[in-house]
Amino acid sequence: METPTVERLKINYKTLEEFQKFREYGLQELSMLEDLEANMIENDSNSPFYGIYMDGNLIARISLYRIDGKYDRYFQPAQDYYELWKLEVLPQFREQDYGTALVEHAKSLGLPIKTNARCGSNDFWIKMGFQPVQYDPIRDRGENPYVWTPPGVSLQ
Ligand SMILES: CC(C)(COP(=O)(O)OP(=O)(O)OC[C@H]1O[C@@H](n2cnc3c(N)ncnc32)[C@H](O)[C@@H]1OP(=O)(O)O)[C@@H](O)C(=O)NCCC(=O)NCCS
């Protein structure tokens with residue numbers, strides 16, 4: 001199968017309308033909408049989301065927040081890394097490698113990645129080359145963290 005194109009999503013009313021099809025529609029999206037309405041951000045600003053379109057419709061998305069190295073409690077040496085969340089492929093498009101394409105895109109940015117494996121997705125993260133970290137109750141606060149490290153990076 002052809003590798004799908006992963007695009008950085010713009011924050012605009014069209015994108016926010018597309019987001020309503022996703023299960024994880026919540027405070028992050030509502031706050032983007034408020035910022036747009038209040039002209040706090042410009043239409044078409046870059047968002048932390050990347051996605052895949054099919055026939056003009058968004059079918060899969062991922063959010064990647066760059067965390068400053070001074071807050072890094074996972075990687076050795078301590079460095080900037082991506083917090084990955086809101087990975088979701090619309091149900092009718094699952095099991096067709098779109099999730100893999102989004103995760104591969106995140107890896108191609110070259111920094112370590114941390115996610116909170118939810119919805120019984122542990123096996124998916126293992127397949128993506130991620131590993132669970134040893135749980136630290138103060139740092140992880142009820143999360144189920146899985147990480148991916150590029151060559152030369154290890155865990156703290
Ligand atoms: C998890 C999710 C993003 C996977 O996307 P996808 O496009 O279906 O995944 P892919 O087609 O790229 O699958 C890659 C591999 O992972 C497997 N896989 C997919 N979803 C899985 C899951 N939930 N658990 C375990 N394995 C899974 C696939 O079978 C495939 O295995 P294979 O290489 O042996 O054939 C998608 O199922 C989804 O949106 N789920 C709901 C939200 C969610 O769970 N998000 C992630 C955690 S918050």
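Strand β5 (81-89) and helices α3 (98-108) and α4 (122-127) each contribute at least two residues to the shell around the ligand; helices (H or I, at least four residues) and strands (E, at least two) are DSSP runs numbered from the N terminus. The model is a predicted one, in which local features need pLDDT of at least 70 and side-chain atom pairs count only at pLDDT 80 or more, while totals for chains, interfaces and linings use all residues. Residues are numbered from 1 along each chain as its sequence is written.

The shell holds 17 residues, of which Arg94, Gly99, Thr100, Cys119 and Asp123 come nearest to the ligand; a residue is near a molecule if its C-beta atom, placed from the backbone, lies within 6 Å of it. Six residues of the shell are nonpolar, four polar and seven charged, where Ala, Val, Leu, Ile, Met, Phe, Trp, Tyr, Cys and Pro count as nonpolar, Asp, Glu, Lys and Arg as charged, and the others, Gly among them, as polar.

The strands form an open sheet of seven, ordered β1-β2-β3-β5-β6-β8-β7, with mixed pairing; two strands pair if DSSP finds at least two bridges between them. Because β1 (7-11) and β7 each have a single partner strand, one side of each is left without a neighbour in the sheet. Tyr146 in β8 is the bridge partner of Thr115 and stands opposite Pro132.

Helix α3 lies across β2, β3, β5, β6 and β8, at about 30° to β3; axes are lines fitted to C-alpha atoms, for helices over the stretch in contact, and angles run from 0 to 180 degrees between N-to-C directions. Leu102 touches Val6, Tyr50, Ile52, Ala60, Ile62 and Leu87, not counting residues up to four places away in sequence; contact requires C-beta atoms, placed from the backbone, within 7 Å.

Away from these elements, Leu36 lies in helix α2 (residues 27-37). Leu36 counts as partly exposed because it has 19 C-beta neighbours inside 10 Å, whereas a buried residue has 20 or more and an exposed one 12 or fewer, with C-beta atoms placed from the backbone. Leu36 touches Ile11, Tyr13, Ile41 and Asn43, not counting residues up to four places away in sequence.

How values were computed:
Two residues are in contact if their C-beta atoms, placed from the backbone, lie within 7 Å.
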